[in-house]
Amino acid sequence: PVYELLGGPQKDKIFCYASGFDSEWYVESGFKATKLFTPYGPQDGLDGLKKNEDLVARTREAIGDDVELMLDCWLSMDVEHTVRLAEMLRPYRLKWIEDYLPFDDLEGYAAVRQRLPWQTLAAGEHWYLPTTFAAVVQRRLVDILQPDVLWAGGITAGVKICHLAEASGVSVI
């Protein structure tokens, strides 16, 4: 197995979560974390912000306080909308907000990081090659890197990204 080529198992357990809109079922199935997707974006204005908040509020109420809750924005936001959404969702204690801006808007990621220092931010599924991840890590734009091994350049690139993250104290999922 590839993990043996990479030096063998590194952990006895790993953090797993289920993604989608059936959070109660995920928790019943044993997951201790679940991730939602935002169905509304900047084009939906204040009404969309409120609908996203309602979704998160209902989910938090359904799963309780002992289950982690994350939010994936599908690269659909802009800086202002991301900040407004995060501020509205602060009472629901999101573990992270993910992929909130278009993948190539690194200046936008810097602006969000500056305006939301308290919120854990995750991204990287659509970033290519270790050089992009190095730039992101150097600027501390996100707290969690999420490389897709196929898009990031393969297993070797994935290992390099993990080394960059480890050296900088950034998590990788």
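Biologist: Which residues in helix 6 meet which residues in helix 8?

Modeller: The model is predicted, and the account below should be read accordingly. From helix 6, the residues in question are Pro130, Phe133, Ala134 and Val137; in helix 8 they meet Ala157, Lys160, Ile161, Leu164 and Ser168. Sorted by class, this contact of helix 6 with helix 8 has seven nonpolar residues, one polar and one charged. Helix 6 covers residues 129–139 and helix 8 covers residues 155–168; their axes lie 9 Å apart and pack at an angle of about 10°. Because angles under 35 degrees count as roughly parallel, helix 6 and helix 8 are therefore roughly parallel to each other.

Strand 3, residues 68–72, is mostly covered, with four of its five residues buried. Strand 2 (residues 33–37) pairs with strand 3 in the parallel sense, over five bridges. Within this pairing, Lys35 has Met70 of strand 3 as its bridge partner. Together with helix 3 (residues 45–63), strand 2 and strand 3 make a right-handed β-α-β unit. Strand 3 is also joined by three bridges to strand 4 (residues 96–98), and these two strands run parallel. Here Met70 stands opposite Trp96 in strand 4. Between strand 3 and strand 4 the chain passes through helix 4 (residues 79–89), and this β-α-β crossover is right-handed.

Technical notes:
Residues are numbered from 1 along each chain as its sequence is written. This is a predicted model: local features need pLDDT of at least 70, side-chain atom pairs count only at pLDDT 80 or more; totals for chains, interfaces and linings use all residues. Side-chain values use heavy atoms; hydrogens and water are left out. Axes are lines fitted to C-alpha atoms, for helices over the stretch in contact, and angles run from 0 to 180 degrees between N-to-C directions. Angles under 35 degrees count as roughly parallel, over 145 as roughly antiparallel, 65 to 115 as roughly perpendicular and the rest as oblique. Contact means heavy atoms within 4.5 Å. Ala, Val, Leu, Ile, Met, Phe, Trp, Tyr, Cys and Pro count as nonpolar, Asp, Glu, Lys and Arg as charged, and the others, Gly among them, as polar. Buried means under 20% relative accessible area, exposed over 50%, partly exposed in between (1.4 Å probe, protein chains only). Two strands pair if DSSP finds at least two bridges between them. A crossover is right-handed if, with the strands pointing away from the viewer, the path from the first strand over the helix to the second runs clockwise.
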